[in-house]
Each structure stands twice: as structure tokens, then as C-alpha cells.
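Please open the structure in your viewer and keep the selection panel at hand.

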Amino acid sequence: MQIPSELRRRFAEARRVLVLTGAGVSAESGVPTFRGGGNTAVWKGLPFDVISSAEMLERNLPAVWEWFDYRRDFIESLTPNAAHHEIALWQERFPEFTLVTQNIDGLHQKAGSRDVIELHGNIWRARCIACRSFYDMASGKKRPEACLECGDPLRPDVVLFGELLPPGAFERAAERAASCELCIVIGTSGLVYPAAGLPEIAKSAGAFLCEVNPEPTPLSRLCDEVLMGKAGEILQLLRS
Ligand code: APR
């Protein structure tokens, strides 16, 4: 694929860059996406938006834990792919670089990305349902049976369907989106708000908008450039 010259120039000259990623950026690491590609995650006969919902948390917290424990076990052995590594390099390349992800798998951080704005939380953390104490579950660490501070139950520190985003996360991302010159949207179906609103914010504030995805999305029509293909193959072409 040839990178169009206008995009190449924008990429070479940009100072403030915002990247928004979704499940597609982890697809080449082996993490199933939620929508598209025939890989829709269904577990015990329940679609992911039922098992991963605020309603299920209320009704059956152990089932929600079972689902997230299963997903953590699955993700544990996976490694970042070329797209994660390339994005991690970009943080050194641009004077102001913001990475916003909808992913909870922690693969951006594994590839070396820092200060990632995680809109949907992180599967490697538990938090108390009452006092919001956090517990790290990375590198085989076990979570306690209940909160060590107040004794209330723990839940996965991820945003479930029907829940609000973590306090401040979207606001920080929106502020960066409103001031970036180049916004690159990678591997998201653009269907889940408010995350999908970030490219709109960037575009209406005058940023050049580029999408990387093997399929068209509702965001494609907003974009100045759409690079159709896999993130792991395309991203490295931008800097060459
Ligand atoms: N490179 C780039 N994009 C890819 C690749 C790839 N190798 N493989 C698939 N894609 C694209 C698909 O075409 C699709 O548009 O990634 C997108 C994945 O879309 P979703 O599964 O809907 O993922 P996402 O947009 O991140 O979902 C948003 O929905 O269920 C919730 O909380 C969950 O954060 C998630 C949110």
C-alpha cells in the first residue's frame, strides 16, 4: 500500500497527535474483536453485552468474575503485535502524543506505551464496589476475597454495558482531541459512544482525521484518509 502524500506530510509535520484504538489493534495478537470478522465473543451462550453488563453485575457478580477471569487467562499468554509496538514508538516521535484506548487488555502498556488513557478500564485490575480501592491482578497476582479496606466485594475495574466511564478519562481525552492536529483512529467499529465521539471532536476542531481498519465504519465518511487494511501491516508504513 502507498501512503497518500498529504497524509505522509501531515504525519511528518504534526506536533500534536491523538490516537484512538479499539479491539482491532489487538486482533493480530489473537484477542477476538467484539464485532465484525465472525469472531464475536459468546460465552456460555450469553452474548458479551449481556455477560459484561451492569445488570449482570447486580444479579450475578460471580458469573461476571468467571467471565473476566476466563478472559484474563486467555489474554495472559498473548503478546503485543507490530501495531502496538509502532504506536509505542510514536510517543517519542511527536512532541505531544496522546494514546486513548477502548481496550482493557493492557497490550499497549506491554509494548511500552505510557500514560495511556483507558476509557473502558483494565482487565488486570479489580476494584471495590463500595470504596473504589484498587487491586492489581497483573503477573499472576491474586486478588483478595474482599476489599482489604472495607470488606465489600470486588469487581473487575472495567466499564460494563450500562455504566459510565471512569471519572475524568473521557474529559482528558476530549481535551486532547480538541487540540490535536492529527487524529488516527485504529481498529474500532466506531459504534460505542462516547469513545466514538472523539474523532468527531478532533475533526470539528480542525484536525486531519485518518482511519486504519480493514472494513469501513460509520467514522469512515468523516475521515480525510481511510487506510483499508490491518493495523499491524499499515502503521509502520506511515513513518517510512
Ligand atoms: N487491524 C485494524 N482493525 C481491525 C483489525 C486489524 N487487524 N481486525 C479487525 N479490525 C477492526 C474491525 O473491522 C472492527 O471495525 O476492528 C474493529 C473492532 O470493532 P469492535 O469489535 O466493535 O471493537 P471496538 O470498536 O473496540 O468496541 C468498542 O465495545 O464491547 C465494547 O467495551 C467494548 O471497548 C469495546 C467497545
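Select H120 and the ligand: a polar side-chain atom of H120 lies 2.8 Å from an oxygen atom of the ligand, a polar contact being a pair of N or O atoms within 3.5 Å (within protein, one must be able to donate a hydrogen and the other to accept it, and residues adjacent in sequence count only if both atoms are side-chain atoms). Taken alone, the ligand exposes 740 Å², of which the protein buries 93%; accessible areas come from the Shrake-Rupley method with a 1.4 Å probe. This is a predicted model, in which local features need pLDDT of at least 70 and side-chain atom pairs count only at pLDDT 80 or more, while totals for chains, interfaces and linings use all residues. Residues are numbered from 1 along each chain as its sequence is written, and side-chain values use heavy atoms, with hydrogens and water left out.

At Q102, a polar backbone atom is 3.1 Å from an oxygen atom of the ligand.

Now display the whole shell. The ligand is surrounded by 21 residues, the closest being E28, F34, R35, T188 and S189; a residue is near if one of its heavy atoms lies within 4 Å. By class, the shell has eight nonpolar, nine polar and four charged residues. Ala, Val, Leu, Ile, Met, Phe, Trp, Tyr, Cys and Pro count as nonpolar, Asp, Glu, Lys and Arg as charged, and the others, Gly among them, as polar.

Switch to a cartoon view. An open sheet of six strands runs in the order 5-4-1-9-10-11 with parallel pairing. Strands (E, at least two residues) and helices (H or I, at least four) are DSSP runs numbered from the N terminus, and two strands pair if DSSP finds at least two bridges between them. Strand 5 (117-118) and strand 11 (225-227) are the edge strands, each pairing on one side only.

Select strand 4 (residues 96-101), which pairs with strand 5 in the parallel sense over two bridges. Here T101 stands opposite E118 in strand 5.

Finally, turn to the open sheet of three strands, whose order is 7-6-8 with antiparallel pairing. Strand 7 (134-136) and strand 8 (154-158) each have a single partner strand, so one side of each is left without a neighbour in the sheet. Select strand 6 (residues 121-128): strand 6 and strand 7 pair in the antiparallel sense over three bridges, and Y135 in strand 7 is the bridge partner of A126.
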